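Please keep the sequence and the structure in view while reading.

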Amino acid sequence: MIIDKLKSIIDINSNNIVNSFFKRALFSFIFISIISTIFIINFQQYNFYNSLAEEIKTNVDTKLYKYSENLKFSDINVLKDGVKILTEQLGFVIIEIYDDKKKKLFKFTSSEEKFARNLELIQSDYNLIGDDSKTSKKVNYNFFTILDKYHFMQIFYPVYKSNRLFGYIKGIYYIEPIVVKRFKQGIFTTIVTVLLTISIFSLLIFPLIYFAYKKLNAHRLELLSSNIMAIKTLGTAIALRDSDTDEHNYRVTLYAIKFAQSINLDHESIKVLIKGAFLHDVGKIGISDNILLKNGSLSEEEFEVMRSHVVKGVELVNHNSWLEDAKNVILYHHERYDGSGYPNNIEGKEIPVTARIFAIVDVFDALTSKRPYKEPFSYEKSVAILKDGYNSQFDGKLLNNFIEISNKLYTDTRLEQKEELKKELESLIKKYFLE
């Protein structure tokens with residue numbers, strides 16, 4: 001029955017993969033799109049500004065050489081004529097000329113009305129590049145906008161001729177709106193193209209990844225269901241060999257889970273508790289029948305052999321990575337809070353919390369259950385016996401927490417038949433292992 005239940009869980013889980021995978025794919029698409037958009041904008045801006053600055057430099061140098069074949073910045077009059085025309089023809093709002101010592105020789109300001117009206121605003125951004133800028137042959141530049149409609153580039157660069165430094169040019173260049181518009185259109189086109197490419201690629205590769213992911217997940221769930229079935233079967237076999245029924249494993253595991261939930265134990269620890277509850281007595285496989293099934297009291301030597309079942313249990317699961325964390329319950333569920341338990345005589349919080357929880361529910365179920373050597377104790381007598389172990393056999397705080405919920409746990413569980421117990425347990429297994 002549990003296999004059929006797990007198969008139906010796998011089918012449901014596979015259907016949920018679509019939503020889960022789609023959400024992840026959508027998140028990835030949005031993330032990649034945002035990163036790509038930011039990169040494109042910055043990269044395009046860098047290329048635009050850099051290209052524009054180099055173009056301005058080329059135009060300026062060409063014009064200057066045209067007006068003075070033997071350019072010397074000391075020829076002020078010749079240079080002034082050339083720069084004045086340069087200002088008018090190339091769209092400079094302000095241009096300044098410096099000699100090779102960075103001493104300002106002269107300055108021209110555009111007489112165009114639209115610039116003259118806003119000259120104060122323009123000049124407020126004019127000191128973005130100082131005269132102490134590096135003297136490399138590259139153009140230093142800044143791009144700025146005023147009144148949200150006039151775009152300018154400020155440049156500063158050294159003028160060389162035959163690798164000889166003649167001086168420096170510093171100015172503010174007006175960028176025509178059509179140039180800025182084309183630049184923005186170019187960015188928009190590039191972004192749309194990249195996003196469409198990402199979308200098409202995602203649509204093409206999504207089915208391949210999805211089916212691979214779905215297949216992998218199905219295999220994972222099948223393996224997990226096999227592991228769960230294995231520990232259930234093994235736990236049942238141990239219980240039957242110990243003259244008990246598999247209902248003991250169902251009850252004690254349900255008690256452990258619900259107790260852990262009531263104290264808000266974390267999800268992973270509850271998974272450990274489930275595995276440990278199924279396999280807590282797995283080491284009894286290694287105990288001989290004449291001791292395990294003996295009627296009457298065990299001798300001291302026989303009791304020592306019986307005690308060894310916790311160590312044998314750990315040895316059995318020691319090389320199974322999936323059961324590695326269950327060892328805490330298997331090894332320590334017979335330790336006592338006062339340190340008088342076995343096998344290691346550890347005490348208090350040294351005992352893992354999963355083992356402290358299981359120790360309480362295991363004894364409670366043993367007290368309230370019928371065994372070959374005894375009739376079940378009443379709920380009241382069982383609780384009284386548990387209380388006798390307060391801070392000696394059991395963690396007192398955990399014991400108080402358990403007693404608060406024990407009546408309802410006991411009543412609900414005793415009213416359920418074996419199949420109902422299995423059904424409830426399967427539901428909890430699904431919650432902690434398969435969802």
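## The second largest pocket

The residues that line the second largest pocket divide into twelve nonpolar, three polar and one charged, where Ala, Val, Leu, Ile, Met, Phe, Trp, Tyr, Cys and Pro count as nonpolar, Asp, Glu, Lys and Arg as charged, and the others, Gly among them, as polar. About 430 Å³ of space lies in this second largest pocket. Of its 16 lining residues, A25, L26, F29, S202 and F206 are the closest to the centre. Helix 1 (2-67) and helix 5 (177-241) each contribute at least two residues to the lining of the second largest pocket.

Pockets and cavities are found on a 1 Å grid over the protein atoms alone: a cavity is a set of points where a 1.4 Å probe fits but cannot get out, a pocket is an open set with protein on both sides within 12 Å along at least five of seven lines, and lining residues have an atom within 4 Å of a point. Grid points are joined across faces, edges and corners, and a volume is the space filled by probe spheres set on the points. Helices (H or I, at least four residues) and strands (E, at least two) are DSSP runs, numbered from the N terminus.

## Basis and confidence

This is a predicted model, in which local features need pLDDT of at least 70 and side-chain atom pairs count only at pLDDT 80 or more, while totals for chains, interfaces and linings use all residues. Residues are numbered from 1 along each chain as its sequence is written, and side-chain values use heavy atoms, with hydrogens and water left out.

The mean pLDDT, the predictor's confidence in each residue from 0 to 100, is 80 for the protein, and 79% of its residues reach 70 or more. Over residues 1-12 pLDDT stays under 50, and the model has 15 contacts for them beyond four places in sequence, a contact meaning heavy atoms within 4.5 Å.

## The cavities

A search of the whole structure finds two cavities of 30 Å³ or more, and the largest cavity holds about 40 Å³ of space. Among the residues that line the largest cavity are Y332, E335, R356 and D395. Helix 12 (residues 353-368) supplies the largest share of this lining, three residues, and the lining of the largest cavity as a whole divides into six nonpolar, one polar and three charged residues.

Five strands form an open sheet in the order 2-1-5-4-3, with antiparallel pairing, and two strands pair if DSSP finds at least two bridges between them. Strand 2 (104-109) and strand 3 (140-146) are the edge strands, each pairing on one side only.

Strand 3 and strand 4 (residues 150-161) pair in the antiparallel sense over seven bridges. Within strand 4, M153 is the bridge partner of F143, and I155 stands opposite Y141. The two strands, 3 and 4, form a hairpin with three residues between them, and L147 in the turn has a positive phi of about 55°.

## Backbone details

Most residues other than glycine have a negative phi, and most peptide bonds are trans. N264, although not a glycine, has a positive phi of about 60°, and N264 lies in the loop between helix 6 (246-262) and helix 7 (267-279). A cis peptide bond, with omega about 15°, joins Y342 and P343, and P343 is found in the loop between helix 11 (327-332) and helix 12.
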